[in-house]
Structure formats: structure tokens, C-alpha cells
Amino acid sequence: MVAVISLLALLFLSNPSSPQPSFEQIAKQADAARVADRMEDAIELYSEGVGLRPSWSEGWWWLASLLYDQDRFSEAQPPLQRFIAIASKPAPAYAFLGLCEYETRDYEHALQHFQEWGRRGSPGTDELLDVAGFHWALLLTRRGQFVEALSMLAAKAQKRGDSPALTEAMGLASLRLRNLPEDYLPEKRESVWLAGKAAFYASVEDDLRADEYAAELLIHHGHEPNVHYFRGSLFSFQKDHDAAVKQYQQELQISPEHTAAMIELALFDVEDHRFTEGLALAQHAVTLDPRNARAHYVLGRGLLALGRAQESARQLEIARQLAPASAMIRFALARSYRTLGRSEDAARELAAFGSLKESASAPWERQKTTKQKQPGPSE
Amino acid sequence: MGAAENDEAEAAGTIGVMVPAVTLPFLLLLLGLSGAVLASQRAGPAAAKIPSTPGKAATFNQVSEAADRARTENRDDDAIRLYQQALHLRPAWKEGLWYLSTLLYEKERYPAARDLLRRFVSHEQGAGPAWAMLGLSEFQTREYTRSLDHLLRAMALGMDNRKDLAQSVFYFVAVLRTRFEQFDESMSLLMAMVKSGQPSDLLIEPIGLAALRRPLLPSEVPPNRRDMIHLAGQGALALEAQDREGADRLLSKMVAAYPDEPGVHFLYGAFLLDVRPTEGMAEMQREMEISPSSVPARLRLAEEYLKQSNLDQALPLADQALRLEPHRATAHMIMGEVLVAKDSLEGAIRELETAEQEAPQTVRIRWDLLRAYAAAGRSGDAQREKEEIAKLNRPAAER
């Protein structure tokens, strides 16, 4: 009996006296659990590990990755933030944090973190580039930066080919809907799909199929805002300017204050030397949307063509302020300064133009630069 | 159709489920489901763990018991609050995660239900019904890609013989496959559901959408074309029921009412090719006028010309289809069949092997390859194909 009691006492006492596992042991166990696909164990062990040693950046990273892989986005955010705070090379984590914030509908922070990731050179695997770039584009659409969104998505289309998600994203941006795939009206689905298909095929230069889908879009949805504008953009892309002009005009009949259509018509007018009409339209667009860089740009170009270089420079300076990364605005401003005899300013703007052309690092930025109409020698 | 799709159709056909519970009260579904799933989980090791601090254990036990009581007494709001408290004390409590998520789903609080289900499945990776509920929640939050992935996972794992849940899952998989432009896979699943004896009224629109190759959910159909979708669905159902007269009447009515709509002439033409081939071919030509890049119309026409041994007409159509969709297995298959007919065995085998890579589960491609290998004197390869065909013809569970 005594022996039994002693044994029980020993067993009872053995727990409190058993040594706690060291950080090194926990870290090793966590890695082993992760490698063996025991994800819940791994999450628990990494949590324990970073609790014991908060400076363990690798632990924070794996903890965040495992939670992210299980779609547990709100739980993945704190470890990612911690990793960003302590890691020596945290750049890819900004993309993951942006993705988590997207999923938890914290869209403003998501966009900020994608931009931070972009500023740091958009490092990461091909898969991360794909997924993060795609969500970044969605958020640009939601914010109304449709051209930038489409540039990113078009690059993706050329690289990866068609997919239903890409089509939907391109459709939303093409129809200038400030929505995400999760939150637009179901009755818009068909037009978004048709516009997306047309945009996709246009981006891979398959005009036959782009036209086929665009034609169907016009038949069923030609009375809706932005549809003729989109068709006009496709015609512009295909260099069919007359057809584009007609579409932009039809858009203005449906949406009299459609500044984007106004601006494109104004640009055609300026390029065709119909300066009075072009200036009137551009001025109207500027009045309606004073923060639209392209409106100021077109107005500036028109004014320069009429010899009103001082006013032109003022408009182009506003455009530059609104869109400092636009190479074509810097080029036009250089020309205005040169006309005004401000050669140093002109040289500075030309240099900026050159560096903006070269500095784009992400694939979609490179694409945007090449797809943009470059200022020709006559400008 | 790939392996997964074959299996899906097979699963839908064998389960003998009733009409999908698209709008059926999920309340009933969930209440029934909860008990079944948890009966097995209560005995699980994780549920038996007690926290080492006595005071904390008492608190958790009290709260969790109160939560269960509130749930069984249908005091849902109290139950939700209490489950939340209990999960705060013990975040990995599986029963709590499950019951709270189902209560929230019932209350149409889908994002909250979804987040809890994600936690639940991270503990219970093999729980088919939980993946099903997660996929259904994600459908409601319009995360369609994830929803489809998780519903397919539920189908693969099985749903504990919950026919009501299974029928919902099959329905949502089918409509999502259509939205993701997987029309053939969707149609196979929908027809398997019909064959299993389900009343077809709820399936008419999904079938119509898949048949006309419109990537829309039923809720996204434009009102001015709902009738067209209905006619297509009814026509396809009549065809499935071997009611040729009915199919002809419905599909010709659709063509007359919507003569310029993409997909309409293809669908009617596909029917006519079996009964009045000349008219069917004319419908396919009309489809190509309306949809100049239609690959399905080209392939059906090429197939028909092949049947007539008119290889000079078949070849360019197959070639055009391949240019339009270089990764489409059926385009490579038809091209392979045309080349076999032209005795160009080397090219034919190349095309058929490509088709096989794209769609390894398609028996017709395997048969084509078997014949081509045999004709080329490659008896070993032919034998391998024969074995693969035998394997594919077995029920999925026996493969």
C-alpha cells in the first residue's frame, strides 16, 4: 500500500517538476508539424514559439502563412503585421497583408499595402504576383482608377490567358463600375461578362472575338451608361477612329456628363486640328471633373496647339500634379516650357519623361508604358 | 468531361436525391444536419479535453451547457451569445464552432458563419458536411471560386448520407460550374440529377443556361430572356426523356422567338443532327453566322461531315476550332478522327494523344487512340488503352 501511494505521489509530482520545452524544441516541433501537414498542431506550436520569442520572424511568417492557407484571414493579419515590423526583408508580406485585408473587407488598407508592396518592387513568387496583382487591380476598379486596373489585367490576360475571374474583373473595369466581383448587382452580370470577354480578346489582339462580344453587349445593353464609351475605347484601340467617335457621341447622348467620353472626343478634335471644338469639350470636362488629369492634359495640348503656351503650361502643371507618374503629361509639359523659352524646365520634364518610361518595374506597368500612346515627334 | 465530373455525375445519379433544396428551408436542413454530424464528434478526443484550471473548466462547462440548452429550446439569440462566450473561453471547441456556425447561417449571417466554418474544417478536414456548409456560406457571400472548391471537396468526401444536403450541394456545384463556363460538366451533373428521379422544375433554368452556354446564375438571367432560357431547359429535358416530338416543338419555338441569340441555333442544330441531319447542319451554319467564333458549332459540323466521309469539309472546320481553342480536348479529338479517316496516322495519333492529355477520362478519345495505335501496328499501346478503357468503365469506387 505504501509503495502504491509512493508511486502515485511520484506520478503526481512528476508533472510540475517536468521541464518546460525550450524555444528551440518548440520551433523544431512546429517545423516538423508543418512539414508533416499537421496544420493545426503547427499553428499551435508556432503561436507558442512566437510567444516565447517574439523576435522570431520566421515563426510569425509561418504562422501567418498557415492561417492564410486555411482562409483564416483575420487571424493571419496580426502575425503578418508583426513579421513586417521585425523582418529584415518584409516586402512580400505586404502583398499577403493586402490580400488578408481584402478578404476582411478592409479595402483602403489593402490598397495601401499593395501599393507599398509595389513600391518595394513587387517581390514574390509568380503565384503571389498573380493573385496580389489581380486583387490590386480589383481595388483600383473599386476606386475608379479604371485605366490603371485594365492595364494590370490586360498584362495578366496576355501572360495567363482567359479565366472567368479575369473576365469578370475586366468587365467591371471596362464598364467603369466601382464594384468588386462580390458586390455588383446581379442584373449587371451579363453586361459585365460580355464586356469582360470583349476586353480580354482585345487585350490579346483577337479582334474578331472582341467585336463579337462587344456587338452582343451593344444589342442587349446599348441603352446603359458606359457601354458605348467602352465600345468606343475598343474602336480606338483598333485604330478605327471614326467608329470610336460615333460611340463616344452616343455615350454623351445617354450620359451627357460623361467626362471620359468628352475627353476622348476632345483629344480626337485636337489631333484633327479642330481646336475650337476640342477646347470647348476639354474645358467642359475640366469644369465637371477638375481632378481629372487627362482632361487637363488634353486642354493643355489644345491650348499649346493654338499658341497659348502660358495657359497650356498651367493646365499641364495641374495635370502633372494630379498624375505625377504620367510620362505623356511630362512630355507635353516639356513642349510647353520649350515654347515658352523655359529650356531648363523643359529639360527637367524631358528627363522625367525618360525615367518614367524606363522605371516601370512590374509587368503590368511595363505593359502600360508600351500600350500607352507615346508622344510622337510632332507633338 | 474529366474524372471529377464523371464522379460527380455518378454521385448525383446514385444518391437518388430529390429536387435540390435551393430555396428549401435551410433551417430544417441544418437542424437535421447538426445532430448527425455532432453525434460522432461528441465522442471525439478533443471534445473530452478539460482545461487544467478548475475554475475555468466550470465556467466553460456552465456556458457551453447553457448554450446547448438555449439551442434545444430554440432560443437562438441566447444560444448564439452563449456559444460565442464559450468559444471565447475555448476557441477550438468543435461542437461550439459547428452549432454557432449553423445558427448564424440560419440567421443569414453568412460571413460570420463562414469564418467559424473555416475554423471548424481546419480541425476536421474530413468532415464533408462542414465543407458543404462552408461552400454554401461562401455562395451566399458571393465568393464563388472558393464556394465551388469547397462544395466539390464536400462531394468528394461525402455528406454522411444527408440527402437533403447532398441535393443542395449538387445543385450549387452545377450552377457554379455553369457560371465558370464549365458548361459540359454542369450539364452532365444536372442530367444525372434528373435521371436520379428529381422533379425537374427547379432544374429547368440551370439546364437552359448550360445548354445555351450562358455563364450566369439563375438569379442573373436578364428578364427579357428568361423565357428563352426556359425553352432551352425544357427542350433539353424533353430530349433527355427521349421525347423527340416535345423537344422539337420547344426548341423550334425557341429558335423562332429568339432567332438572333447566340447558342440558340447550336442547341436546336445539335438536336436536329440526330433526327434530320441536313436541317441540323443548316442550324449549325446559322450559329456560325451569329457567333463567328463558335467552336462547338464548328466541331459538330466537322463531326457530321466526318460521318458523311466528307473529309474536305471536315478538316478545315476542325482546324479552325483548334486555332480558336488550342487546348480544347474535343477539338484535338475531332481533328484526330478526321486524320485517321484520311489515313494520316502519325498526325492523328499526335492529335489524339494531345486530346488524351487534356481529358484523360474521356472514353471516346481512348477508343480513338486504341484504333489508331492498332492501325499503326503499335499493339502494346493499343493494349494499354484497352486496359484504361476497362478501368474507366468501372464504377468510380472500384477504380
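# Note on charged pairs and the A–B interface

1. A:Glu116 is buried, at 19% relative accessible area. Here buried means under 20% relative accessible area, exposed means over 50%, and partly exposed lies in between (1.4 Å probe, protein chains only). A salt bridge is a side-chain nitrogen of Lys or Arg within 4 Å of a carboxyl oxygen of Asp or Glu. Both residues lie in helix H7 (residues 107-119) of chain A, three residues apart, about one turn of the helix. Helices (H or I, at least four residues) and strands (E, at least two) are DSSP runs, numbered from the N terminus.

2. On the basis of the model: it is predicted, so local features need pLDDT of at least 70 and side-chain atom pairs count only at pLDDT 80 or more, while totals for chains, interfaces and linings use all residues. Residues are numbered from 1 along each chain as its sequence is written, chains are lettered from A and ligands numbered from 1 in the order in which they are written, and side-chain values use heavy atoms, with hydrogens and water left out.

3. Where does A:Glu251 lie? It is in helix H14 (residues 241-254) of chain A. A:Glu251 is buried yet has no salt bridge. The nearest side chain of opposite charge is that of A:Arg176, 8.1 Å away. For charge, Lys and Arg count as positive and Asp and Glu as negative; His and the chain ends are not counted. Side chains of opposite charge can pair when their charged atoms come close.

4. What does the side chain of A:Glu251 reach? One atom it reaches is the backbone nitrogen of A:Asn226, at 2.9 Å. Another is the backbone nitrogen of A:Val227, at 3.5 Å. Leaving aside neighbours within four places in sequence, A:Glu251 is in contact (heavy atoms within 4.5 Å) with A:Pro225, A:Asn226, A:Val227, A:His228, A:Tyr229, A:His258 and A:Ala261.

5. Backbone check. A:Arg176 has a positive phi, near 55°, and is not a glycine. Most residues other than glycine have a negative phi. A:Arg176 sits in the loop between helix H10 (164-174) and helix H11 (189-203) of chain A. A:Arg176 is partly exposed, at 25% relative accessibility. In chain B, B:Asp160 also has a positive phi, of about 55°. B:Asp160 is in the loop between helix H9 (144-157) and helix H10 (163-179) of chain B. At 48% relative accessibility, B:Asp160 is partly exposed.

6. A second pair in chain A is worth a look. A:Asp211 forms a salt bridge with A:Arg231, the closest N and O atoms being 3.1 Å apart. The pair links distant parts of the chain: A:Asp211 is in helix H12, A:Arg231 in helix H13 (residues 227-237), 20 residues apart. A:Arg231 is buried, with a relative accessible area of 6%. A:Asp211 is partly exposed, at 27%.

7. Now the interface. Contact joins 25 residues of chain A to 28 residues of chain B. The area buried between the chains is about 2400 Å², and carbon and sulfur atoms give 44% of it. Buried area is the accessible area (1.4 Å probe) that two parts lose on being put together, summed over both.

8. How many salt bridges are there between chain A and chain B? The count is eight. In one of them, the side chains of A:Asp71 and B:Arg146 meet at 3.3 Å, N to O. Helix H5 (73-86), H10, H11 and helix H12 (207-221) of chain A each supply at least two residues of the side of chain A that touches chain B. H12(A) gives the largest share of that side, six residues. By class, the side of chain A that touches chain B has seven nonpolar, three polar and 15 charged residues. Ala, Val, Leu, Ile, Met, Phe, Trp, Tyr, Cys and Pro count as nonpolar, Asp, Glu, Lys and Arg as charged, and the others, Gly among them, as polar.

9. B:Glu289 and B:Arg286 meet in a salt bridge (3.0 Å, N to O). B:Glu289 is exposed, with a relative accessible area of 55%. B:Arg286 is partly exposed, at 28%. Both lie in helix H16 (residues 277-290) of chain B, three residues apart. Elsewhere, salt bridges that share partners join A:Asp71, A:Glu103, B:Arg114, B:Asp115, B:Arg118, B:Glu138, B:Glu143 and B:Arg146 into one network. Over all chains, the whole structure holds 70 salt bridges.

Note on methods:
A polar contact is a pair of N or O atoms within 3.5 Å; within protein, one must be able to donate a hydrogen and the other to accept it, and residues adjacent in sequence count only if both atoms are side-chain atoms.
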